[in-house]
Amino acid sequence: MTQETQLENPPSDSISSVTFSRHDASSLLVTSWDGSVRLYDAAANQLLHSYQHERPVLSAAFAAQRTAVSGGLDNNLVSVELETGEMTVVGSHENAIRSVVADPTTGLVASGSWDKAVKLFDMRSPASLVATHLHPHKILSMDAAQGKLVVATGDRRYYMYDLRNFDNPLIEERTASLKFMTRCVGCMPNGEGYATSSIEGRVSVEFFDNSEESQTRKYAFKCHREKQADGSEKVFPVNALAFHPIHGTFVSGGSDGIVNLWDGFNKKRLRQYPRYPAGISSLSFSRDGDMLAVGCSYTYEEGEKEDKSADAVFIRPMGETECRPKMAAANA
């Protein structure tokens, strides 16, 4: 695959999430407001399997190589064996499930809900629910890496959990650096920190280590903004973040339809890709970093539109050195 492709047989409504597998290089889950969860072979542009929830689905993850977990507005966390289609409700919340995350280090699955709860599941155990953590506000986004789970809530707070320590898992609670509501959180693949994005065209880069030296590395910057003819600036929500699994650079996607590639180490933008036909709702790198999945849907920040673009998922091949930090590329 040498050029960007658009996946065939897409969902019939807005794309809520795209998630590559961490077990192979090409399996991709796509969730949608049409209630579907679809499994694609992204490199072959082939729909392999799909299943339905009763209501819109907001998030999904791979619990194992052939096992998907998903949740949404029906409040249920569902597990599906992708080869047989066998479906099991493994847990439920009192409100919609906004985020589903699988941590490859511990094998645990986390579901975060608008009911303010995060539930942890060990899918290998018959009694799969292992913990429930309540928060003061609804869950907006989550991500996990190297046994750490970061939870973003609607009151601009972040909660860091150690998934390897069930007795005292909460590491820290922080107030967001960004002044407006969080849209997305993404963890660095090396487990050293995370990035967050807000509705007000900004991204922050944070680190877990609370030493003074480490905390001086954190920063925030403006992005996904557009100059207007009258000199004003139109600001777009930054809906999606994803870290490259090998190089640690990251992409951001906004309601402006733009995907930017950032070198967080050197605080530089490496690339801005051509504008997509609608806003970016979700982003995900393949396990080897060779492909970027781009969920493309109008995200309704300007209300109903009659002429909105069709919902689509694009697969962008990433060049061998495209995502390297500047220093690494120069020294290669």
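Is Met181 buried, partly exposed or exposed? Met181 counts as partly exposed because its relative accessibility is 39%, where buried means under 20% relative accessible area, exposed over 50%, and partly exposed in between (1.4 Å probe, protein chains only). This is a predicted model, in which local features need pLDDT of at least 70, side-chain atom pairs count only at pLDDT 80 or more, and totals for chains, interfaces and linings use all residues. Residues are numbered from 1 along each chain as its sequence is written, and side-chain values use heavy atoms, with hydrogens and water left out.

**Salt bridges around Arg225**

- A search of the whole structure finds 12 salt bridges, each a side-chain nitrogen of Lys or Arg within 4 Å of a carboxyl oxygen of Asp or Glu.
- One network of salt bridges links Glu200, Arg202, Arg225 and Glu233.
- Glu200 pairs with Arg225 in a salt bridge, with the closest N and O atoms 3.1 Å apart.
- This pair links distant parts of the chain, 25 residues apart: Glu200 is in the loop between β19 (193–198) and β20 (202–207), and Arg225 is in strand β22 (residues 225–227).
- Both Glu200 and Arg225 are buried.
- Arg225 also meets Glu233 in a salt bridge (3.2 Å, N to O), and Glu233 is partly exposed at 37% relative accessible area.

**The Glu226–Arg275 pair**

- Glu226 and Arg275 form a salt bridge, their closest N and O atoms being 2.8 Å apart.
- Glu226 lies in strand β22 and Arg275 in the loop between β27 (268–272) and β28 (280–285), so the pair ties together parts 49 residues apart in sequence.
- Glu226 is partly exposed at 27% relative accessible area, and Arg275 is partly exposed at 48%.

Definitions and conventions. Helices (H or I, at least four residues) and strands (E, at least two) are DSSP runs, numbered from the N terminus.
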